[in-house]
Amino acid sequence: MSAVPAWAGDEDGLPAQSFAHPSKSRARRSLPGELPPEVEQAVWRGCDLGHQTSAVISSGFAGLDAELPGRGWPTQAISELLSPQPSVLEWRLIGPALRGIVSGGGAVVVVGPPKTPHLPGLRHTGIDEKHLVWVQVDSPAERLWTVEQLVKSGACGALVAWLPQARPEQIRRLQVCAHACTGPVFLFRPAATQHESSAAPLRVMATFSVDWELQVHVLKRRGPMHDGVVRLESVPGGLGSVLTPRLQRPSLIIASRHPGRDAARQRFTDVGTVKGGPVHALGSTASTDYAGRLGRHAPVR
Amino acid sequence: MLIEVEASTRLFGGKRALRDRIVQEGADLGVTSVAWATNGLAAQALARAGIENGFKRPLDQLLDALPMAALSAVHPYEGTLQRLGCRTLGDVRHLPRGGISRRFDKMLLAALDRAYGVQPEVHKWVELPETFSARLELMSRVEMAPALLFGARRLLLQMCGWLAARHSGTAAFTLQWAHDSMRAKDAGEGGELTIRTAEPSRNLEHLCRLLAEHLAKVELKAPVGELRLAATEVVSLEEKSGSLLLDENQTKESLQLVLERIAARLGPERVLRPVLTDDHRLEWMQMWQPVPKPQPRRGIDPDTMPQPTWVLPHPLKLATRGHRPLYQGALHLLTGPHRVEGGWWHRLDERGGGRMSAGGIPEVDERGEGASDSACGAADQQRTGHVQRDYWVALSEHAGVLWVYQERLASDETAWYLHGVFA
């Protein structure tokens with residue numbers, strides 16, 4: 001009985017019998033405080049990103065994909081995208097994801113946009129006239145009804161809707177309906193709603209900077225809190241073909257024209273680092289490094 | 001009711017189980033007697049006599065013992081046969097055949113032969129009418145139009161059955177309602193509602209929901225007592241064969257169906273699809289048309305020039321400070337100018353429409369009007385879609401990347417307009 005494990009303090013040794021052979025278990029047992037590897041794999045830690053049970057649509061940005069559970073926009077669920085102003089960055093943010101959906105034959109249905117969608121510009125994100133439907137809605141009730149019908153049918157390749165006035169219980173209802181929806185459902189909402197509770201499993205706050213960047217902060221996801229912002233390079237509407245090297249950094253031009261506002265600009269571009277969170281540039285190596293560091297530090301928080 | 005079950009006994013778990021089920025479920029539907037035999041006439045005769053099992057003994061013996069009234073064909077001659085001394089079917093059968101065929105109808109012998117299984121049974125095919133029209137008297141007077149749906153659903157169910165039997169679908173159907181006789185003088189006889197579907201369908205649920213959307217807008221002038229449903233346009237429909245496996249795609253509605261339902265409530269002019277047109281002026285680069293309209297087969301070659309992804313319905317005149325436009329702060333002009341000029345040939349009529357507004361979409365009309373307000377060549381009364389603009393990509397720290405243009409006004413003045421957003 002020399003092989004009785006040290007932690008089996010009681011005399012009869014019955015607990016040890018219920019495991020594998022004592023000598024074998026000692027050989028494989030890991031250090032105190034660590035789990036055996038097979039257990040380790042099966043345990044989901046709060047610091048890891050959650051698994052997405054449904055399929056995901058890649059957002060088209062490697063930096064953003066690294067922060068989203070399942071590495072992409074979820075399907076069978078709604079995604080809330082918040083921005084301080086409507087009609088400023090919508091297509092820049094979801095355009096790369098829509099390109100894949102449209103090329104797969106899915107239709108993009110736009111419900112209640114703040115301005116008129118302009119197809120010649122949308123063609124630069126891969127949307128063509130056969131795969132775009134615009135539903136004009138006026139009242140909030142019409143908006144909700146239309147979105148719910150489309151979500152329930154599950155027939156859209158992607159549903160893009162503006163719901164500025166929806167209440168939390170209405171969002172919850174949509175989320176329940178969205179379980180049948182095979183495409184992603186993007187709800188654009190004002191930034192003020194970030195303080196409301198929401199049933200959407202993914203909430204993203206998006207702003208932009210003048211240097212052809214989107215700054216995305218994940219407010220809510222299945223996984224740990226997201227610190228800082230993800231910077232995504234995004235040049236809208238085919239402008240990439242006409243940008244001169246000088247125009248790649250418009251912030252420098254603005255600063256040269258308004259020297260007094262240099263300090264303000266500095267604050268503006270460095271907002272991520274000031275807040276203390278690690279900021280990473282666009283690129284896969286930087287993002288994986290970031291995820292690894294986040295994973296190690298998160299349990300302490 | 002006659003059911004031929006020989007081929008399906010295995011499916012239902014044997015003759016005994018099938019019999020039990022029919023007896024049990026038939027009782028709920030008001031069936032009073034059930035009988036089994038090798039042919040329909042014999043089974044009918046046995047059922048009338050109250051004998052259930054026609055297989056217990058040879059059919060001849062069973063039928064011989066039945067009273068004459070059990071067979072409908074004997075009924076007209078019952079009196080004569082009784083006076084001849086016949087009491088049972090067996091007595092009739094044993095009469096000389098030549099005599100029967102001479103003295104009575106030919107049908108009598110034929111019916112006897114069929115019941116006894118000497119001749120095969122022949123059934124007439126049921127032929128459905130060429131057109132469908134059904135009426136239903138409502139159980140109670142209905143005062144609200146949406147409540148008509150309960151009655152209409154029963155009619156729709158009949159129609160879908162008729163359509164399925166004819167292998168066709170309906171592209172349009174009409175629901176008529178007749179007002180109750182106790183009605184106001186000005187209410188009229190009734191009303192009707194014709195519903196067209198985007199594609200032929202015999203899907204009951206879809207037709208019901210479509211009808212519900214239309215009924216929600218109807219206001220009844222008087223209580224309704226009777227409904228009538230007619231399939232006005234019927235086209236043959238190729239049926240997709242069903243899958244044995246549960247296919248996800250089949251359980252869901254197609255996009256066309258759900259858009260049709262949305263259009264039924266919001267109005268067809270609000271569910272739109274874009275069509276590119278061959279024009280370089282921003283207002284006329286695309287037009288919007290209702291979804292069911294077919295799109296032009298000839299596509300426009302994609303323009304590789306940068307274009308905004310949102311446009312404003314009317315260009316927004318911007319304030320300026322030191323010859324620079326302002327929109328949520330100072331705008332920084334990045335690239336340009338991109339000159340767009342032309343359209344003097346494009347005459348806008350008084351209603352503000354142009355040749356592009358043939359689809360009757362208000363959106364196009366509004367934009368046409370907005371453009372002509374800013375058109376500089378509108379000195380005379382005839383307004384044209386003439387534009388002369390220098391477009392610039394402007395950057396704002398708050399409003400994003402904008403598509404603004406500068407337009408020459410009268411007497412060498414210029415004005416800046418915001419026209420689109422690169423969102």
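**Note on the predicted two-chain model**

1. The side chains of Glu67(A) and Arg221(A) meet in a salt bridge, with 2.8 Å from N to O. A salt bridge here is a side-chain nitrogen of Lys or Arg within 4 Å of a carboxyl oxygen of Asp or Glu. Glu67(A) lies in the loop between α4 (62–65) and β2 (73–74) of chain A, and Arg221(A) in the loop between β10 and β11 of chain A, so the pair ties together parts that are 154 residues apart in sequence. Over all chains, the structure holds 29 salt bridges. Helices (H or I, at least four residues) and strands (E, at least two) are DSSP runs, numbered from the N terminus.

2. The model is predicted: local features need pLDDT of at least 70, side-chain atom pairs count only at pLDDT 80 or more, and totals for chains, interfaces and linings use all residues. Residues are numbered from 1 along each chain as its sequence is written, chains are lettered from A and ligands numbered from 1 in the order in which they are written, and side-chain values use heavy atoms, with hydrogens and water left out.

3. The next matter is the interface. Chain A brings 56 residues into contact with 56 residues of chain B, where contact means heavy atoms within 4.5 Å. The size of an interface is often given as the accessible area lost when the parts come together. Between chain A and chain B about 5,000 Å² is buried, and carbon and sulfur atoms give 64% of this. Buried area is the accessible area (1.4 Å probe) that two parts lose on being put together, summed over both. In chain A, the residues that lose the most area to chain B are Thr116(A), His118(A) and Trp145(A), together 14% of what that side buries.

4. Which links cross the interface of chain A and chain B? The rule finds 2 salt bridges there, and one of the salt bridges of the structure joins Glu142(A) to Arg270(B), with the closest N and O atoms 2.7 Å apart. There are also 18 residue pairs in polar contact, both residues being at pLDDT 80 or more. A polar contact is a pair of N or O atoms within 3.5 Å; within protein, one must be able to donate a hydrogen and the other to accept it, and residues adjacent in sequence count only if both atoms are side-chain atoms.

5. On the side of chain A that touches chain B, the elements that each supply at least two residues are α5 (90–103), β5 (116–117), α6 (119–122), β6 (132–135), α7 (140–153) and α9 (250–257) of chain A. The largest share, 6 residues, comes from α7(A). This side divides into 31 nonpolar, 15 polar and 10 charged residues. In this count Ala, Val, Leu, Ile, Met, Phe, Trp, Tyr, Cys and Pro are nonpolar, Asp, Glu, Lys and Arg are charged, and the others, Gly among them, are polar.

6. Strands of the two chains also pair. Two strands pair if DSSP finds at least two bridges between them. An open antiparallel sheet of 6 strands has the order β5(A)-β7(B)-β15(B)-β14(B)-β13(B)-β10(B). At its edges stand β5 of chain A and β10 (332–342) of chain B, each with a single partner strand, so one side of each is left without a neighbour in the sheet.

7. Within that sheet, 8 bridges join β10(B) to the antiparallel strand β13 (residues 387–396) of chain B; His332(B) has Leu395(B) as its bridge partner. Trp392(B) is in strand β13 of chain B. Not counting residues up to four places away in sequence, Trp392(B) touches several residues, among them Leu333(B), Pro337(B), Trp403(B) and Trp416(B).

8. In chain A, strands β9 (residues 202–209) and β10 (residues 213–220) pair in the antiparallel sense over 7 bridges, with Phe208(A) opposite Leu214(A). Their hairpin has 3 residues between the strands, and Trp212(A) takes a positive phi near 55° in it. 4 bridges join β10(A) to the antiparallel strand β11 (residues 230–233) of chain A.

9. Chain B also holds an open antiparallel sheet of 4 strands in the order β1-β4-β2-β3. Its edge strands, β1 (133–142) and β3 (190–201) of chain B, each pair on one side only.
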